[in-house]
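Biologist: Hi, I'm new to this one. Could you walk me through a few parts of it?

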Amino acid sequence: CSTWGSFHFKTFDGDIFTFPGLCNYVFASHCNAPYEDFNIQIRREVVANTPTINRITMKLEGVVAELTKGAVMVDGNRVQLPYSQSGITIEKSSVYVKVGSKIGVVLLWNEKDSILLELSEKYANQTCGLCGDFNGFPIYNEFVSNNAKMTALQFGNMQKMDGPTEHCEDSTSIPTYNCPDSFYLLRIVYFFPPKDDICEKTLTSSAFSECNELVDVKDYIKACQDDLCRSADSKNSSCICDTIAEYSRQCAHAGGQPLDWRTSKLCPKKCPYNMQYQECNSPCADTCTNPERSLFCEEHCIDGCFCPPGKFLRTVFDDINNSGCIPQQECSCIYNGKTYATGSSFSEPCQTCTCNGGQWSCQDKSCPGTCSVVGGSHISTYDKKHYDHHGDCTYVLSKDCKDEKFTILAELRKCGLTDTETCLKSVTLNMNKGQTVRMQNNKNRGRKKTGLNESRSCISLSANVTMFRPSSFVMIIHTSFGVQVEMQFTPMMQVFVRLDASFKNQTCGLCGNFNNIQTDDFKVISGIIEGTASAFANTWKTQASCPNIQQSFENPCALSIDNEKYAQHWCGLLTDSTGPFAACHYAVNPAVYHTNCMFDTCNCENSEDCLCAALSAYVRACAAKGIQLQGWRTDVCSKYTTSCPKSLSYSYTISSCQPTCRSLSEPDVTCNIKFVPVDGCTCVNGTYMDDSGKCVPANECPCYYRGSAIPFGEVVHENGRVCTCVQGILNCIGAPNPTPVCKAPMVYFDCKNNTAGATGTECQKSCQTLDMQCYSSQCTSGCVCPDGLVLDGNGGCIPEEECPCIHNEAMYQPGEKINFDCNTCVCKNRKWECTKDQCLGTCAVYGDGHYNTFDDKRFSFNGNCEYTLVQDHCGKSGTVNGTFRVVTENIPCGNTGTTCSKSIKVFLESYELILGEERVSVVKRGQNDEVPYTVRYMGMYLVVETKSGLILMWDKKTSMFIKLSPGFKGQVCGLCGNYDGNSINDFTTRSQSVVENVLEFGNSWKVSSTCPDASSVKDPCSTNPYRKSWSEKQCSIINSNVFAACHSQVEPAKYYQACVSDACACDTGGDCDCFCTAVAAYAQACSEVGVCVAWRSPTICPLFCDYYNQQGECEWHYKPCGASCMKTCKNPSGKCLNDLPGLEGCYPNCPPDKPYFHEDQMKCVSLCDC
């Protein structure tokens, strides 16, 4: 439907009429329906004898948009274009303002006289207004209603809609113009030979030859001639241009291609920059940021200013510098918000990148790996996999498994009242020459078992190891063979191990295998990949007597409101885009550090120390990337910067030993050492110097237990007793465990009765620790197995050869088989021998923008545009034609912009599949006869399988799983990553640079460069705090016993967080859907690893399968883990390309007399009825 020029209208059904009204009219509205989806009203005025449209008001699903010349208001607020929110996009091209809505309404306004409105055919028979009733019959019910004829004037005036205090007069007549001799007219207005009718000549010229077959031209010639008469009266010659332009638009809308009809004399148009005006070109312009945009354009052509087609070089619009059209080779690149001209480059510690015509080409340099243990429980591997382990043992942190050059042990111990409060107590470095360096948390003094005097700041242990303290907070052990261990003592003990690149692929331990592949970091000695962090970490215990740690689901911030507020405020500095850490965000993503900071700050007895330790871990990571954060301690953690507190007095000569805290618990060794007098701060008035050199009263002194410091208030669990440090002295409660009576065949080993150097229970082997060397720091008494036997893990002793295999904390006897992904593993000699088939990769997108890439990187990104999820044309040249592309768009509901469903487009060769509104529609764009895909319904899911090896599973709402055959490894790109096994480079932008910032990565994959960028994402639970407790309570089903069978296979924590944030975000309806989708995503991940969980119940997310049963029948049932391939009418053989496991939903049990399932009618039929 459209209106143009001097009051011409064309209805949906094709009537063309003239109605010169100047009031506010309903142009088109949704009527005859229980809910009004849209209502569009227009108002015209006459300026300088030319009618123009001066105001358009649109109400689209409750959102009011108002367009006037030069301003766009949405819900009463002026907005900047381009605008995209709550399902409405408004953008401006060179000629048109375009408003699009997800419901199927597109409106183009040229800001002058013309509106073109395109409606989805689903509104047929449901419209009112000047555009008519969209019933497919011209004249009827518009100009002939109940057998009474109506004039255009009467019809138009019926659509008037006055404002509350307005009374606008109806139009009473359609002006007629006495048309003088048209030859005379042509001579005055145009300098044309007086023998042609300009209207007919132009509208039937060769420019419109294709159009004349598609759109009847008679009415337009007449409208043009009327305008010509009128322009003689008003001396305004532009009005015939409007009608010719309208005919051109209608032709394009019908699928035709009008050619350029404008000339320098007839209706000329000017363009900015070096662009050219064209009558019909793709509205999806290729730009520097997306040079392939026009390949996947679904809209018909429009007129406007376009980049000229170059003779030799293709030109694209430079949307980076906004400098008009340039050859693609001259495009700039963007990295971290800075623009680089083509040919320029930047260099970082691990890569150098050069800009080459809008695309980055990067060279990786071999880079050292860093592994860290921060906050006492957060471990980050060399391959940047982050996990938590609340250990209580000495573990192998990292070890050279090939040449055994070094082993680093880390002792994690419980140091608080809760199980999750663990601290790093000591770190030991063993070298192949038998040397051992041990550092303990005695605040300032690293105790080193090397028998060396430690008064010097730099100690050389041997030719290949040097220890030194660059500052009072840090000690570094540096080796000549490429291992560097950095210990931080203040405010908490944290360790950072830096390994030379020469150790790639040959390490093992908690720090992973350093091969750039994150997904196999949980590989254990027995050769299989464990599913959870605790199952993996428990295999690296060095003592059999240590407990196996179970996963913990508690959130420490839930225990104290004050702690949570404190943590939110101070940890929030990490992610604050204007905070003291912002300068580093592009290089180091603060999300993981923020999560760890929240956990530690809430969990610690001494929140400030833990907070400062967590912040310093981020500062160190930034320093490793070469970014120095100056001045971050000005507002937070400033107490560590003051050197001499008030209690100290400065003295030039301190020659006797200080009164130290150590002397309270045990004789102080340093008092026997004579040393040259030093100057510095000394303690006065009954204060004691603690290990960091500060003077403190006795009640703040740490205690010393077996030589290591226990800070004030910290708890030690020892031998059945719980000891707390008070006034510098350990205060224990509980009776010590009596000498245990050992169950046969175990015997008691007492260190006191044995020779020095004997090892006790700390070297007792169990089935789990058979492959560990023994690292004994001191002899421990206890029960041991007699020689030749090892612990079986259940308190008994068995011969070594009877030990089982272990996977995900379950035991398997020799010869037992398990399935791992698509491979089978057999247990032999405690090791797993697995087949080496290549498996399908899976990318999951679910809920409100949660992504899990093919390489298992998880992130959340929530934008309002169309984004490329995965495509296989990522050729650096940009010319390689791909075979598929999957594009997705979030369809929001509610005003927080929460996603309630997705529309998905799959481009396959010449086909386009559109999945939306719970169904699939197909658009064919070429001559290809063979259909390259099959569609089937499995339970809740719609499954699309292609010949090339792409499988797409969609639950018809917001969850989507894409599986790719291994042949595509490293060949794809998009929001699902590049499927090369390395998740570190998954944030590869469209211009081939690897970034850290999620927003920069996500925005680069928008399909249309005119759609606005997504900006920072708010945390929905702090936006809607009233929903938080409901969300946490509902989502706790993921952590509950319902899913217990799956907890050891798939880590639930990330799914739980996603569930809580989605349930918080859905605040305007659809909240149960959001919650159910999030839980279903975890259930689906469980069924992928073979654990079937029936979690739905009549009260939690029920599925109503009985709906499909005919009356009295009972063949439909809910199956939580799906059914195998069914015999269907479309697939009578019952054999599928891929057997997809576990797609839950409603399935029919078809009886033998009707064995085939009819997918369209949703019932069982015999073959004849198919």
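Biologist: Is α10 largely enclosed or exposed, and why?

Modeller: Quick note before that: this is a predicted model, where local features need pLDDT of at least 70, side-chain atom pairs count only at pLDDT 80 or more, and totals for chains, interfaces and linings use all residues. Residues are numbered from 1 along each chain as its sequence is written, and side-chain values use heavy atoms, with hydrogens and water left out. As for α10, 15 of its 18 residues are buried, so the rest of the structure largely encloses it. Buried means under 20% relative accessible area, exposed over 50%, and partly exposed in between (1.4 Å probe, protein chains only).

Biologist: Where is α10, and how far does it reach?

Modeller: Helix α10 covers residues 607–624 and reaches 26 Å from its first C-alpha to its last, close to the 26 Å expected at 1.5 Å a residue. That expected span is 1.5 Å times one less than the number of residues. Helices (H or I, at least four residues) and strands (E, at least two) are DSSP runs, numbered from the N terminus.

Biologist: Which glycine follows α10?

Modeller: Glycine 626, with a positive phi near 85°.

Biologist: Switching to strands: how many bridges join β37 to β38?

Modeller: Six, and the two run antiparallel. They form a hairpin with five residues between them. Valine 485 has valine 497 in β38 as its bridge partner.

Biologist: And what about β27 and β38?

Modeller: Five bridges join that antiparallel pair; strands pair if DSSP finds at least two bridges between them. Valine 373 stands opposite valine 495 in β38.

Biologist: Why is β38 largely enclosed?

Modeller: Because five of its six residues, 494–499, are buried.
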